[in-house]
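Thanks for coming, everyone. Please have a look at the structure on the screen, and then we'll walk through it together.

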Amino acid sequence: PPCQGFSLLGTRKTSDLRCTEVFTFLDQTARMRPKVFVFENVMGFQSKRDDQGVLVKTRFIRKAKSMGYQWYFVGRALLLSVEGGSPETLGFQLDC
């Protein structure tokens, strides 16, 4: 899902519709029912609140758990997409 609405460098408006795409991601996950899925986003995902003051991360985790998934917070790690077989050379850091 897009990260711009969660980015600490952005405006972080609660009305940013890009932030709802994480739930579209979960809806698609529910439709496909993989055994596991990996979700990554920017650091700001940890602290972004919706228009009701609820952490988006909390809503995301609750929905994933209600779908039968366990939640594991990986933490900070540097991942290179090319090592996972991606044709793009992207690097990103996760918070462990």
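Start with how far parts of the chain reach. Among contacts in the protein with a separation of 6 or more, 44% join residues 24 or more positions apart. Keep that figure in mind for later.

A word of caution next. This is a predicted model. The average pLDDT of the protein is 80. A score of at least 70 is reached by 76% of the residues. Where is confidence lowest, and where is it highest? It is lowest in strand β2, residues 91–95, with a mean of 50. It is highest in α1, at 94.

Now the layout. The protein has two helices and two strands. Along the sequence, the pattern runs α-α-β-β.

The protein exposes about 6,700 Å². Carbon and sulfur atoms supply 56% of that area. The protein has 96 residues, and 27% of them count as buried.

Let's go inside. Which residues make up the largest nonpolar core? There are twelve. Please find them on the screen: Phe 6, Cys 19, Val 22, Phe 23, Leu 26, Phe 39, Phe 45, Val 56, Phe 60, Ala 64, Met 67 and Tyr 69. Two elements give two or more residues to this core: α1, residues 21–32, and α2, residues 56–66.

Pick one core member, Met 67. Set aside residues up to four places away in sequence. Met 67 then touches Leu 26, Thr 29, Ala 30 and Arg 33. Leu 26 is itself in the core list.

Next stop, a glycine. Gly 44 sits in the loop between α1 and α2. Is Gly 44 buried or exposed? It is buried, with a relative accessible area of 1%. What does Gly 44 contact, leaving aside neighbours within four places in sequence? The answer is Phe 6, Leu 8 and Arg 12. Phe 6 is another name from the core list. For a sense of distance, take Gly 44 and Lys 57. They are 13 residues apart along the chain, and their C-alpha atoms are separated by 9.8 Å.

Last topic: charged pairs. How many salt bridges does the count give? It gives three.

Here is one of them. Asp 16 pairs with Arg 18, and the closest N and O atoms are 2.8 Å apart. Asp 16 counts as buried, because its relative accessibility is 13% and the cut-off for buried is under 20%. Arg 18 is partly exposed, at 38%.

Another pair is Lys 63 with Asp 27. Their closest N and O atoms are 2.5 Å apart. Lys 63 is partly exposed, with a relative accessible area of 27%. Asp 27 is partly exposed too, at 40%.

Then there is Asp 50 with Arg 59. Here the closest N and O atoms are 3.2 Å apart. Asp 50 is buried, with a relative accessible area of 9%. Arg 59 counts as partly exposed, at 34%.

Notes:
Residues are numbered from 1 along each chain as its sequence is written. This is a predicted model: local features need pLDDT of at least 70, side-chain atom pairs count only at pLDDT 80 or more; totals for chains, interfaces and linings use all residues. Side-chain values use heavy atoms; hydrogens and water are left out. Helices (H or I, at least four residues) and strands (E, at least two) are DSSP runs, numbered from the N terminus. Buried means under 20% relative accessible area, exposed over 50%, partly exposed in between (1.4 Å probe, protein chains only). Contact means heavy atoms within 4.5 Å. Accessible areas come from the Shrake-Rupley method with a 1.4 Å probe; for residues, only the protein chains shown count as cover. A nonpolar core is a set of buried Ala, Val, Leu, Ile, Met, Phe, Trp, Tyr and Cys residues joined through side-chain atoms within 4.5 Å. pLDDT is the predictor's confidence in each residue, from 0 to 100. A salt bridge is a side-chain nitrogen of Lys or Arg within 4 Å of a carboxyl oxygen of Asp or Glu.
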